[in-house]
Amino acid sequence: MEPISADVGELPEINGHTVPDQLDVTHGRGIGELNKNMGIRIVKLSAEHSIAVMPVDGNRQPIGLLHGGAYCVIGETLGSMSANVHAKSLEGGDFFAVGIDLNATHTASATSGWVTAECTAIKLGRSLTVHEIVVRDEHGTRCSTVRITNLIRKRK
């Protein structure tokens with residue numbers, strides 16, 4: 001399957017972040033179908049620290065709040081992509097990362113604009129990675145905290 005670029009034209013700045021071409025920031029991998037459909041844009045991608053933005057519009061519950069599952073999607077996206085950057089850097093073989101645990105605590109609700117997710121590595125090991133992702137609304141209010149654990153596997 002061809003990588004999907006999320007390049008949808010000029011998105012010069014969202015919540016203070018300049019949005020780069022999605023194929024460039026993901027080193028040609030793209031962002032995937034679900035992320036494209038949800039409007040997620042990767043701003044920065046590394047094993048240690050990553051940032052993405054997502055529109056509230058199109059991702060709301062029927063009562064007008066950003067869907068809790070949307071927070072989980074952007075969290076898992078950043079955590080898994082960051083873990084895969086780390087896995088590719090390991091010596092001794094062709095490694096990849098797969099999510100094995102995800103949890104989220106929602107503490108506020110975004111209703112408009114864009115949310116920003118910031119992913120920070122807690123543990124970057126040879127067999128496991130753990131990342132914490134904090135999602136904030138456009139006013140800087142923490143709306144959700146997501147933690148993901150990824151298992152590092154060797155390609156067969």
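Relative accessible area, computed with a 1.4 Å probe on protein chains only, sorts residues into buried (under 20%), exposed (over 50%) and partly exposed (in between). At 57% relative accessibility, G16 therefore counts as exposed. The structure is a predicted model, in which local features need pLDDT of at least 70 and side-chain atom pairs count only at pLDDT 80 or more, whereas totals for chains, interfaces and linings use all residues. Residues are numbered from 1 along each chain as its sequence is written, and side-chain values use heavy atoms, with hydrogens and water left out.

The predictor's confidence in each residue is given by pLDDT, on a scale from 0 to 100. The mean pLDDT of the protein is 93, with 93% of its residues reaching 70 or more. Over residues 1-8, however, the pLDDT is below 50, although this stretch has 21 contacts in the model beyond near neighbours in sequence, a contact being defined by heavy atoms within 4.5 Å. Where pLDDT is low, the predicted coordinates should not be read in detail.

Secondary structure was assigned from DSSP runs numbered from the N terminus, with helices (H or I) of at least four residues and strands (E) of at least two. N15, which is not a glycine, has a positive phi near 50° and is partly exposed, with a relative accessible area of 30%. The C-alpha atoms of G16 and T116 are separated by 9.6 Å, while the two residues are 100 residues apart along the chain. A positive phi, of about 55°, is also found at H27, again a residue other than glycine. H27 is placed in the loop between helix 1 and helix 2 (33-38), and its relative accessibility of 67% makes it exposed.

Helix 3 (residues 68-89) holds T77. The expected span of a helix is taken as 1.5 Å times one less than its number of residues; for the 22 residues of helix 3 this should give 32 Å, which agrees with the 32 Å between its end C-alpha atoms. Because 16 of these 22 residues are buried, helix 3 is largely enclosed by the rest of the structure. T77 itself is buried, at 9% relative accessibility. Its side chain makes a polar contact with the side chain of N35 at 2.7 Å. Such a contact is a pair of N or O atoms within 3.5 Å; within protein, one atom must be able to donate a hydrogen and the other to accept it, and residues adjacent in sequence count only if both atoms are side-chain atoms. When neighbours within four places in sequence are left aside, T77 is in contact with N35 and I42.

A nonpolar core is here a set of buried Ala, Val, Leu, Ile, Met, Phe, Trp, Tyr and Cys residues joined through side-chain atoms within 4.5 Å. The largest such core has 25 residues, and those with the most contacts inside it are I40, I42, M54, L66 and I133. At least two residues of this core are supplied by each of strand 2 (49-55), helix 3, strand 4 (114-124), strand 5 (128-136) and strand 6, and the largest share, six residues, comes from helix 3. Beyond its neighbours within four places in sequence, I133 is in contact with several residues, including G75, L78, A117, C119, V146 and I148. Another core, of six residues, lies apart from the largest one and has A83, L90, F95 and A97 among its members. In soluble globular proteins, nonpolar side chains tend to be buried together.

Three salt bridges were found in a search of the whole structure, the criterion being a side-chain nitrogen of Lys or Arg within 4 Å of a carboxyl oxygen of Asp or Glu. In the pair formed by D57 and R60, the closest N and O atoms are 3.3 Å apart; D57 is exposed at 57% relative accessibility, whereas R60 is partly exposed at 35%. R155 forms a salt bridge with D94, with 3.2 Å between the closest N and O atoms. Since R155 lies in the segment after strand 6 (142-154) and D94 in the loop between helix 3 and strand 3 (95-106), this pair ties together parts that are 61 residues apart in sequence. The salt bridge between D101 and R147 has its closest N and O atoms 3.3 Å apart, and the pair links distant parts of the chain, with D101 in strand 3 and R147 in strand 6, 46 residues apart. D101 is partly exposed, with a relative accessible area of 35%, and R147 is likewise partly exposed at 35%.
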